[in-house]
Amino acid sequence: MTRASYAVVGGGAIGGTLAFHLAKAGHPVTVVDADAEHVAAIRDDGLTIERDGVRERVAVKAATPEEFDGPLERVLLAVKAQATESAADWIAPRLTEDGYVVSIQNGFNESLLAERIGWPRTVAAFVNIFADRLEPGVIADGGAGALVLGEPGGQPVSPRVSSLVEDLRAWGPAQASDNVEGFLWAKAGFGAMLAATALADDAMADLIDRHHPAIHALGEEVFDVASGLAIRLEAFDAFTPHAFVRGADPTARAAATDHLTAWLRTQPKTRSGIWRDLAVRRRQVEVTTHYATVLAEATRLNVATPVLRAVLDNLRDLEHDPAGMSETRLTTLDTLALS
């Protein structure tokens, strides 16, 4: 049986994970990444996944954008959110007329992508894959997560989405939905909580447990915006967004928080990718780009988001001095949330 071919643009944690599993299942895969060292490692030694200290390799083609030669048909876009515009500009002239791009990214990137290639060639996706790029050519498997694909704008699930989901089940429990937007907004609330944990050097679950006021306020603020947009929130993995909306039953919220932290403690990845960008890779975090959409809609709807804005301000501060990570930052957020 002939397997569909894929180009994965951005071969880091998310892109590398999906590229590995597609290639292992027999799909022709080309990783396109701006990091020449990462590309060279994949060419020389294959793409590697590490689980519990054990490494598994699979042969994958790899190229930098300058080296890539040929048209693009099925593209999984997995670059950082702040690189979406430049990646879309690179993809646009190479994408075949009947080709499409799947935004396998964190945040809200479909509109920006569609500006460059058109809505008919844009596929929406929600991703909650726990992974890290450990070194050139090597991706750490951080545990199971969720992956949901659908047509943008809440359109019915199409044959191309169904085909994509079938292929991506080589990785895990991919699914199709006509409400990807509901997943993306639910992830925005969850992601804000994880972003707050990157302000200190400790496990995500432990920090969430110790700072309920800030964590719960972040969920309320993001979901206040989602409510103003009439978004139908979708639960995923161990996250139940409806328990964190403003006015939620306190008992249900406490149970949902306990369930979430218990699940996080089962994951090999104990700290967020945001923490890793700051503490290990010493680079700009993408989360400030993710929440531009949330903040713009909050302003338009006149929804207050003081705790979320404080988290983003703290992260921008830590981009300049990661050594400033401290749990006192979360304690200050608790005070803000209770004020």
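**View 1. A salt-bridge network joins Lys-24, Arg-51, Glu-56 and Asp-141.** In this legend and those below, a salt bridge is a side-chain nitrogen of Lys or Arg within 4 Å of a carboxyl oxygen of Asp or Glu, and the structure holds 28 of them. The model is predicted, with local features needing pLDDT of at least 70 and side-chain atom pairs counting only at pLDDT 80 or more, while totals for chains, interfaces and linings use all residues. Residues are numbered from 1 along each chain as its sequence is written, and side-chain values use heavy atoms, with hydrogens and water left out.

**View 2. Arg-133 forms a salt bridge with Asp-35, the closest N and O atoms being 2.9 Å apart.** Because Arg-133 lies in strand β9 (residues 131–135) and Asp-35 in the loop between β2 (29–32) and α2 (36–45), the pair ties together parts that are 98 residues apart in sequence; helices (H or I, at least four residues) and strands (E, at least two) are DSSP runs, numbered from the N terminus. Arg-133 is buried at 14% relative accessibility, whereas Asp-35, at 24%, is partly exposed (buried means under 20% relative accessible area, exposed over 50%, partly exposed in between, with a 1.4 Å probe and protein chains only).

**View 3. Asp-277 and Lys-80 form a salt bridge, with 3.3 Å between the closest N and O atoms.** This pair links distant parts of the chain, 197 residues apart, with Asp-277 in helix α10 (residues 273–279) and Lys-80 in the loop between β6 (72–77) and α3 (84–91). Asp-277 is buried, its relative accessible area being 4%, while Lys-80 is partly exposed at 29%.
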